[in-house]
Amino acid sequence: MRIATWNVNSIRARVDRVADWLVREDVDVLAMQEIKCKENQFPFEQFTAAGYDVELHGLSQWNGVAFASRLPMSEVTKDFENMPGFGVASDDGTLPLEARALGVTVNDVRLWSLYVPNGRELAHAHYDYKLRWLDALSADTRAWIAANPQQPLALMGDWNVAPLDTDVWDIQAFEGSTHVSAPERAAFDDFMDAGLTDVVRPRIPTGYTYWDYKQLRFPRNEGMRIDFILGSQPFADAVTNAGIDRNERKGDAPSDHVPVWVDLDVETEEDDDRPMFW
DNA sequence: ATGTCGACGAATCGTCGA
């Protein structure tokens, strides 16, 4: 089973490119981020034509997360426990929740599509929101693993954190910036403490997943590694291959992020339908 | 170079977010 994550930066602007990639790369399940639309605006037809069902969480033109899968999805969950909100408080003092987290179960593998808040600037309220959002997610993850130690789990998405200095093209250029600060990295490391590991880096030790559209960042290979698949031990044990598809940053109308994928050695329902020979 | 995108509402541009 091949599973991937991709910040598509508007699914309406890129649906043909995404659907082509799914078919070409034989992907079973794709977690998308920044779909930038509501459900009634989502281009379902191209996914259906390619053989994929879609689950999505989209509230506005901002953010938005989704799954496309050609295997059945169940236990669809929007948001996670104690997820913080952001924006203008309502009369009861609560902040609106954004569409940044969607969970599904496929073949008994629990998967989350996550779009971690950007943080904007270290002094911005969005940065505090980012840290609280990650803290609540790692707490929820820790509790889930404790309750489901045998079940494969993967948290996939745009983490907006570069865990290592080598995950940005010039760490000195990021002095005082978000994505590389000690609190963000500590919040990211908490997921390892909770029992997850980066299942891609052991196989793909170097390389970026994002290049800004501005300032010729891609031609100069001035990128950032901020998209990750973090798996629980049962998930990590099933991984047989991984990749970062840098080619998807090339050509006409690319997203500023590229897909990150893993192959899992798990029995799929497709496999159950194969003819048997004896 | 503040060097690009994509969303929106409004209008063929300004503004926001990344």
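**View 1. Strands β11 and β12 pair in the antiparallel sense.** Welcome to this predicted model. Five bridges link β11 to β12, which spans residues 260–264. One place to look is Gly243, whose bridge partner in β12 is Trp261. Here two strands count as paired if DSSP finds at least two bridges between them. Strands (E, at least two residues) and helices (H or I, at least four) are DSSP runs, numbered from the N terminus.

**View 2. β11 and β12 belong to an open sheet of six strands.** Follow the order β3-β4-β2-β1-β12-β11, in which the pairing is mixed. At the edges sit β3 (53–57) and β11 (239–244), each pairing on one side only. On average, neighbouring strands are turned by 15 degrees against each other, direction ignored. Such angles, from 0 to 180 degrees, are taken between N-to-C directions of axes, which are lines fitted to C-alpha atoms, for helices over the stretch in contact.

**View 3. β2 is a mostly covered strand.** Five of its five residues are buried, meaning under 20% relative accessible area with a 1.4 Å probe and protein chains only. Val29, Ala31 and Gln33 point one way from β2, while Leu30 and Met32 point the other way. β2 pairs with β1 in the parallel sense over five bridges, and Trp6 has Met32 as its bridge partner in β2.

**View 4. DNA strand B is surrounded by 14 residues.** The closest are Ser10, Arg14, Arg120, Tyr213 and Lys214; a residue is near the strand if one of its heavy atoms lies within 4 Å of it. Of the DNA atoms within 4 Å of the protein, 71% belong to sugar or phosphate and the rest to bases.

**Notes.** Residues are numbered from 1 along each chain as its sequence is written, and chains are lettered from A and ligands numbered from 1 in the order in which they are written. In this predicted model, local features need pLDDT of at least 70, side-chain atom pairs count only at pLDDT 80 or more, and totals for chains, interfaces and linings use all residues, while side-chain values use heavy atoms, leaving out hydrogens and water.

Methods. Buried < 20%, exposed > 50% of the residue type's maximum accessible area, 1.4 Å probe, protein only.
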